[in-house]
Amino acid sequence: MSADLVVVANRLPVDRVVADDGSTGWRRSPGGLVSALLPVMQANHGAWIGWTGGHDREMDPFEEEGITLVPVALSATEVEEYYEGFSNDTLWPLYHDLVAKPSFHREWWEAYQRVNQRFAEKAAEVAAQGATVWVQDYQLQLVPAILRTLRPDLKIGFYLHIPFPPTELFSQLPWRRELLEGLLGADLVGFQMPGGAANFVRLVKQRVGHRTHRDRVQLPDGRIVRAQAFPISIDTQRYESLARDEAVVSRAQEIREQLGNPATVFLGIDRLDYTKGIYARLRAFSELIHDGEFSVEDAVFVQVATPSRERVDQYRQMRDEIERLVGRINGDLGRLGRPPISYLHSSYPIEEMAALYRAADVMVVTPFRDGMNLVAKEYVACRTDNTGALVLSEFAGAAAELRQAYLVNPYDINGMKAQMLAAYHASAAERTKRMRAMRRTISQHDVARWASSFLRALKAY
Ligand code: F6P
């Protein structure tokens with residue numbers, strides 16, 4: 001096959017589903033990336049290369065919704081070393097400000113190189129002459145350079161969905177130069193924030209020695225690589241129309257009833273990840289009850305923790321710590337039928353998420369470091385009547401756009417308590433003023449605009 005637009009990502013945009021009769025099929029994964037790219041891929045003989053999420057043997061490409069899906073097989077050891085190991089136990093904590101300690105293992109690095117080579121080879125195989133290839137995220141940072149060697153005719157873009165760290169942190173990596181050179185295979189390297197792009201250019205100058213000027217790197221062969229920020233977003237309209245859907249509206253009401261109709265519902269929805277600051281936020285909430293700022297009759301905190309990377313040690317430990325804390329808070333401060341925290345370790349369909357967003361008066365998003373944080377944007381999109389308040393970490397990329405949120409430093413528990421309280425006590429007029437401004441921002445900056453601006457910049461190269 002020959003595709004004019006190829007997306008290379010760690011995962012395919014579909015999940016395997018098993019029907020009642022035992023037969024298996026595929027269902028499109030939730031998430032804005034695929035819905036944003038689908039129309040342009042359908043119009044451009046698109047192909048998406050990615051892992052199925054299992055331990056598969058080689059599988060043939062297949063068609064779904066007018067695009068070709070090209071599975072990449074990973075063995076159990078590769079999942080352990082490339083995905084759980086190097087991607088999620090080395091790069092993930094390192095790129096998130098060392099919120100947890102990264103592990104450096106040479107055999108993980110070898111697996112990362114091997115798997116990146118495999119993804120690049122697949123892309124080289126399926127891309128048409130002169131095609132555009134868009135490589136996604138930290139799991140695949142070596143793909144651009146390998147691909148350029150295999151197919152110099154291609155236009156190659158790379159986008160990093162997570163933060164790109166300051167030079168002092170990145171420099172800990174024993175393979176720092178190889179990773180930078182991997183990214184330099186692209187024509188355009190996209191970041192969430194201008195700071196990430198600046199970190200990258202500075203590191204390239206320091207560690208690889210190329211000449212740089214502002215957002216440009218000049219390679220010895222004359223090629224120019226650009227590094228720019230393209231803050232990602234959500235499918236705003238989809239969330240807005242879901243939030244207006246009658247079934248979602250009545251489900252939101254039902255959720256409040258099930259919680260015992262408290263005056264104020266606080267909500268956190270996160271992947272269960274140590275970067276998200278779940279522990280500190282729940283402590284802050286419990287202290288507010290303990291201090292007598294509000295009672296368990298007045299307020300409840302719903303915390304949805306979506307299972308994630310459960311075989312990585314630090315994730316397991318963090319789950320235990322959070323669940324111990326929830327037990328302790330509910331045991332110490334709860335009354336019969338009134339636990340202060342309603343904790344759900346589960347993932348939910350998008351309709352239920354929209355209902356939760358509609359049901360919540362105060363959304364609390366307090367990561368220690370986050371590339372963007374789409375949950376914050378989803379909440380804003382669902383507040384179609386301009387009610388509700390958002391408490392948001394200043395260390396989430398989203399804080400640069402959602403400036404009318406109640407911004408917090410998640411390391412400062414007292415500061416976080418003060419802002420949660422300010423959001424709790426804010427007048428309806430104050431909340432509306434802030435929410436209206438944030439809704440305007442995200443209605444103008446949605447994921448379709450993000451994708452088209454990246455692809456336009458890559459094309460203009
Ligand atoms: O935010 C980075 C990211 O890799 C997303 O692309 C992805 O949806 C999420 O984290 C979950 O990660 P994983 O693919 O490891 O389950």
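Me: Contact means heavy atoms within 4.5 Å. On that basis, which residues in H15 meet those in H13?

Reply: The model is predicted. On the H13 side, the residues are Lys 377, Tyr 379, Val 380 and Ala 381. On the H15 side, they are Met 435, Met 438, Arg 439 and Ile 442.

Me: How many residues of the contact of H13 with H15 are charged?

Reply: Six residues of this contact are nonpolar, and no polar ones take part. Lys and Arg count as charged. The contact includes Lys 377 in H13 and Arg 439 in H15. The charged count is two.

Me: How are H13 and H15 oriented to each other?

Reply: Helix H13 covers residues 374-382 and helix H15 covers 428-444. Their axes come within 9 Å and cross at roughly 110°. Angles of 65 to 115 degrees count as roughly perpendicular. The orientation is therefore roughly perpendicular.

Me: Is H6 oblique or roughly perpendicular to H7?

Reply: Helix H6 (residues 176-183) packs with its axis 10 Å from that of H7. The angle is about 120°. The roughly perpendicular range is 65 to 115 degrees. So H6 against H7 is oblique.

Me: Which residues in H7 meet H6, and how many residues of the contact are charged?

Reply: H6 brings Arg 176, Arg 177, Leu 180, Glu 181 and Leu 183. In H7 they meet Phe 200, Leu 203, Val 204, Arg 207 and Val 208. By class, six residues are nonpolar and none is polar; the charged count is four.

Me: Which strands stand at the edges of the ten-strand sheet?

Reply: This open sheet has mixed pairing and the order S5-S6-S4-S1-S7-S8-S9-S12-S11-S10. Each edge strand has a single partner, so one of its sides lacks a neighbour in the sheet. Those strands are S5 (62-64) and S10 (211-213).

Me: What is the twist of that sheet, on average from one strand to the next?

Reply: The sheet is open and its pairing is mixed. From one strand to the next, the twist averages 25°.

Me: In S12, which residue is the bridge partner of Phe 191?

Reply: Strand S9 (residues 188-191) pairs with strand S12 (residues 224-229). Four bridges join the two in the parallel sense. The bridge partner of Phe 191 is Ala 229.

Me: Which strands does H7 touch?

Reply: Helix H7 (residues 194-208) packs on this sheet. Its direction makes about 150° with that of S12. The strands touched are S9, S10, S11 (216-218) and S12.

Me: Which strands are at the edges of the six-strand sheet?

Reply: The order is S15-S14-S13-S16-S17-S18, with parallel pairing. Each edge strand pairs on one side only. They are S15 (341-345) and S18 (406-408).

Me: How many bridges join S13 to S14?

Reply: S13 (residues 264-271) runs parallel to S14 (residues 299-306). Thr 264 has Ala 299 as its bridge partner. The number of bridges is eight.

Me: What angle does H10 make with S14?

Reply: Helix H10 (residues 278-290) packs on the sheet. It touches S13, S14, S15 and S16 (362-365). Its direction against that of S14 makes about 170°.

Note on methods:
Residues are numbered from 1 along each chain as its sequence is written. This is a predicted model: local features need pLDDT of at least 70, side-chain atom pairs count only at pLDDT 80 or more; totals for chains, interfaces and linings use all residues. Side-chain values use heavy atoms; hydrogens and water are left out. Two strands pair if DSSP finds at least two bridges between them. Axes are lines fitted to C-alpha atoms, for helices over the stretch in contact, and angles run from 0 to 180 degrees between N-to-C directions. Angles under 35 degrees count as roughly parallel, over 145 as roughly antiparallel, 65 to 115 as roughly perpendicular and the rest as oblique.
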